[in-house]
Amino acid sequence: MAKQKDTPSPAKKRELLLQALYQKEISGISNTEVMKQLRERNKKYDLSELNLILKGIKQNKLTIDEIIEQNSKIKLEDIGEIELSILRSIIFEMQKKTVDRSISLSEAIRLAKKYGQDSSYKFINAVLDKFEN
C-alpha cells in the first residue's frame with residue numbers, strides 16, 4: 001500500500017515555489033520540467049497545489065510584472081532573479097487573497113532575508129507596500 005504524501009506547510013510551500021520560480025528564471029525550463037525536478041527532490045510531499053500555483057503565476061506573469069514595474073524604482077530586467085521570484089509569488093498570493101496581506105508581507109520579507117541579497121527585504125517590502133490590491 002502506497003504511503004500518502006504529506007502536504008507541505010504554507011512556509012515550505014512558499015520556499016518550494018520560490019525554488020521553482022527561480023529555477024525557471026535562470027534556466028528557462030518549462031513548468032513541467034521544474035515540477036518533475038521538484039517532485040524528484042521532494043518525494044515526501046504532495047506538490048499538486050504547488051503545480052496549480054505555478055501555472056497561475058505563468059498565466060498572470062504579464063500582469064504581475066506590470067505591477068512590479070509600477071511599484072518599483074528599479075527596472076524589471078535589473079531586479080535579481082531571487083527578488084523577482086519572491087515578488088511574483090507573493091503578488092500572486094496577494095491577488096488570490098487566500099491569506100491575510102500582513103502574512104504575505106512578512107513571508108516575503110522572511111524569504112528575502114533567507115535567500116536574497118543583504119538589503120533585498122527592504123526593496124521587496126517597499127514594492128509590496130506600494131501595491132494595493
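Predicted model: local features only at pLDDT ≥ 70, side-chain atom pairs only at ≥ 80, totals over all residues.

User: OK, back to Arg14. Which residue does Arg14 form a salt bridge with?

Analyst: Glu107, with the closest N and O atoms 3.4 Å apart. The pair ties together parts that are 93 residues apart in sequence, because Arg14 lies in helix H1 and Glu107 in helix H6. A salt bridge here is a side-chain nitrogen of Lys or Arg within 4 Å of a carboxyl oxygen of Asp or Glu.

User: And Glu107, buried or exposed?

Analyst: Buried, at 13% relative accessibility. Glu107 also meets Arg110 in a salt bridge, at 2.9 Å from N to O. Those two both lie in helix H6, three residues apart, about one turn of the helix.

User: Which residues end up in the network?

Analyst: Salt bridges that share partners join Arg14, Glu15, Glu93, Glu107, Arg110 and Lys114 into one network.

User: Why does a spacing of three or four places matter in a helix?

Analyst: An α-helix has 3.6 residues a turn, so residues three or four places apart point the same way.

User: Tell me more about Arg110. Where is Arg110 found?

Analyst: In helix H6, which covers residues 101–115. Helices are DSSP runs of H or I with at least four residues, strands are runs of E with at least two, and both are numbered from the N terminus. Arg110 is partly exposed, with a relative accessible area of 27%. Leaving aside neighbours within four places in sequence, Arg110 is in contact with Ala11 and Glu15, where contact means heavy atoms within 4.5 Å.

User: How far apart are Arg110 and Tyr121?

Analyst: They sit 7.7 Å apart in space, C-alpha to C-alpha, and 11 residues apart in sequence.

User: How many salt bridges are there by this rule?

Analyst: The count comes to nine. One of them joins Lys13 and Glu49, whose closest N and O atoms are 2.9 Å apart. That pair links distant parts of the chain, with Lys13 in helix H1 (residues 10–27) and Glu49 in helix H3 (residues 48–59), 36 residues apart. Lys13 counts as buried at 16% relative accessibility, while Glu49 counts as partly exposed at 40%.

User: Switching topic: what about helix H5? How many of the residues of H5 are buried?

Analyst: 13 of the 16 residues of H5 are buried, so H5 is largely enclosed by the rest of the structure. H5 runs over residues 81–96, and its end C-alpha atoms are 23 Å apart, which agrees with the 22 Å that it should span at 1.5 Å a residue. The expected span is 1.5 Å times one less than the number of residues.

User: What comes just after H5?

Analyst: Lys97, which takes a positive phi of about 55 degrees although Lys97 is not a glycine. Lys97 is found in the loop between H5 and H6 and counts as exposed, at 56% relative accessibility.

User: Now zoom out. How many helices and strands are in the protein?

Analyst: Seven helices and zero strands. The radius of gyration is 15 Å, close to the 14 Å that the globule rule gives for 133 residues, so the protein is as compact as a globular protein of that length. That radius is taken over C-alpha atoms, and the globule rule is 2.2 Å times the number of residues to the power 0.38. Along its principal axes the C-alpha trace spans about 55 × 30 × 30 Å.

User: What share of the residues count as buried?

Analyst: Of the 133 residues, 42% count as buried. As for contacts with a separation of 6 or more, residues 24 or more positions apart account for 68% of them.

Methods: Residues numbered from 1 in each chain as written. Heavy atoms only, no water. Buried < 20%, exposed > 50% of the residue type's maximum accessible area, 1.4 Å probe, protein only.
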